[in-house]
Amino acid sequence: MIVVMTVNATEKDIQLVVQTIGEHQLKALPLPGGERTAIGIPSSIPAELREDLAQLLQSLSGVAHVTHVTRSYKLASREFHTADTVVEVRDLSIGGNRLQVMAGPCSIESYDQMVLAAQAAKQAGALILRGGAFKPRSSPYAFQGMQEEGLKILQAVGQESGLATVSEVMQPDLVDRVARYVDILQIGARNMQNFPLLIEAGRSGHPVLLKRGPSATLEEFLLAAEYLLHHNNPHVMLCERGVHPLDRGFTRNTLDLSAVPVLKEISHLPVIVDPSHGTGVSRYVPAMSRAALAAGADGLMVEMHPSPRTALSDGAQSLTPDQFESLMRQLRPLAQVLGREI
Ligand code: PEP
Ligand code: MN
């Protein structure tokens with residue numbers, strides 16, 4: 001940590017900073033510059049002290065700003081774990097050379113709908129079936145999902161088709177129940193900072209797909225992942241799904257594809273991109289899927305519905321089975337150019 005003093009900070013201001021650091025059993029190292037002084041803390045600061053100490057120092061007279069030299073997240077960072085993390089789900093690897101595609105409807109609506117979705121996903125070459133049973137809807141009047149009934153359908157269709165499954169869990173007390181039905185727990189964008197949920201999902205040890213909150217910084221996103229890792233769950237995947245848009249007239253969210261190379265650089269966790277929520281418009285999904293893979297994503301989560309027109313949620317951003325098949329056909333040569341398999 002480095003404390004940078006203002007140009008007109010007094011010797012007394014500097015002494016108070018040095019004293020405050022010392023009171024926390026840390027050594028302060030004043031670094032006088034031409035115009036102003038900086039005070040470094042060369043030793044490592046206990047994680048639980050880091051934020052409080054920074055805030056305290058920031059509040060002292062003559063302090064311009066406090067900068068962290070090391071990152072606030074550790075377990076999620078590449079410094080801690082240099083090699084790429086590969087999450088194993090059934091017999092699949094996510095984060096390895098093979099790009100993984102998760103496809104299926106926003107919401108599970110019926111057994112027949114999921115059978116058609118699974119057939120279409122499988123035929124096009126996707127290996128993971130998605131479907132929401134507990135739906136986080138902005139309006140309390142919108143379809144809330146089939147809940148446990150839906151999970152039973154997803155589990156049955158997953159077993160019959162041989163596809164791995166992913167579904168969202170919204171409540172900490174339902175983590176174990178949802179984990180009994182699905183291979184991957186999804187933590188949705190709205191729940192990225194639901195800390196009790198992150199703790200329970202961490203404790204479960206079950207693979208987790210963590211979606212980035214619509215206004216979360218990458219640091220907040222990685223700190224949310226840190227919760228899962230800190231609670232002893234190494235099976236974590238990050239999912240970029242778009243942030244609040246500047247212009248809602250055209251897209252539902254702004255898919256932050258620059259997050260992909262950044263996350264791949266600073267973290268070892270697999271990165272999945274969701275171009276469906278990222279755009280909100282089915283005709284933009286293929287372009288953003290191609291762009292996501294080109295940016296270095298390890299896979300995609302794509303909404304696909306046997307009949308998007310009659311879907312109970314997110315129909316406008318869902319591909320038809322034919323459109324999904326055509327997308328997968330476009331992705332194959334691209335994967336090859338990128339030196340990856342799909
Ligand atoms: C979803 O996957 O259907 C969903 C609700 O996603 P998000 O949390 O990204 O909005
Ligand atoms: Mn959806």
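Author: Here is a quick tour, from the ground rules to single residues.

Reader: Ok, what are the ground rules?

Author: This is a predicted model, where local features need pLDDT of at least 70 and side-chain atom pairs count only at pLDDT 80 or more, while totals for chains, interfaces and linings use all residues. Residues are numbered from 1 along each chain as its sequence is written, chains are lettered from A and ligands numbered from 1 in the order in which they are written, and side-chain values use heavy atoms, leaving out hydrogens and water.

Reader: How many helices and strands are in the protein chain?

Author: The protein chain has 11 helices and 14 strands. Those are DSSP runs numbered from the N terminus, with helices being H or I of at least four residues and strands E of at least two.

Reader: And what does the C-alpha trace span?

Author: About 75 × 40 × 40 Å along its principal axes. Of the 342 residues in the protein chain, 54% are buried. Buried means under 20% relative accessible area, exposed means over 50%, and partly exposed is in between, using a 1.4 Å probe and protein chains only. Among contacts (heavy atoms within 4.5 Å) between residues at least 6 apart in sequence, 67% join residues at least 24 apart.

Reader: Are Cys106 and His277 buried or exposed?

Author: Both Cys106 and His277 are buried. Asp314 is in the loop between S14 and H11.

Reader: What's the phi of Asp314?

Author: Positive, about 55 degrees, although Asp314 is not a glycine. For background, most residues other than glycine have a negative phi. Arg90 also shows a positive value, near 50 degrees. Arg90 is in the loop between strand S5 (87-89) and strand S6 (92-94), and is partly exposed with a relative accessible area of 44%.

Reader: Switching to helix packing. At what angle do H3 and H11 pack?

Author: About 20 degrees, with the axes of H3 and helix H11 (residues 321-337) 9 Å apart. Axes are lines fitted to C-alpha atoms, for helices over the stretch in contact, and angles run from 0 to 180 degrees between N-to-C directions. H3 and H11 are therefore roughly parallel to each other. For the labels, angles under 35 degrees count as roughly parallel, over 145 as roughly antiparallel, 65 to 115 as roughly perpendicular and the rest as oblique.

Reader: Which residues meet there, in H3 and H11?

Author: Ala120, Ala121, Gln123 and Ala124 in H3 meet Pro321, Phe324, Glu325, Met328 and Arg332 in H11. By class, the H3 contact with H11 has six nonpolar, one polar and two charged residues. Ala, Val, Leu, Ile, Met, Phe, Trp, Tyr, Cys and Pro count as nonpolar, Asp, Glu, Lys and Arg as charged, and the others, Gly among them, as polar.

Reader: How about H7 and H8, at what angle do their axes cross?

Author: Helix H7 (residues 218-230) and helix H8 (residues 259-266) cross at roughly 50 degrees, and their axes come within 12 Å. That makes H7 oblique to H8. Leu218, Phe221 and Leu222 in H7 meet Ala259, Val262, Leu263 and Ile266 in H8. The residues of the H7 contact with H8 divide into seven nonpolar, no polar and no charged.

Reader: Last one: where is Met192?

Author: Met192 is in the loop between strand S10 (184-187) and helix H6 (195-204). At 2% relative accessibility, Met192 counts as buried. Not counting residues up to four places away in sequence, Met192 touches residues including Leu198, Glu220 and Phe221.
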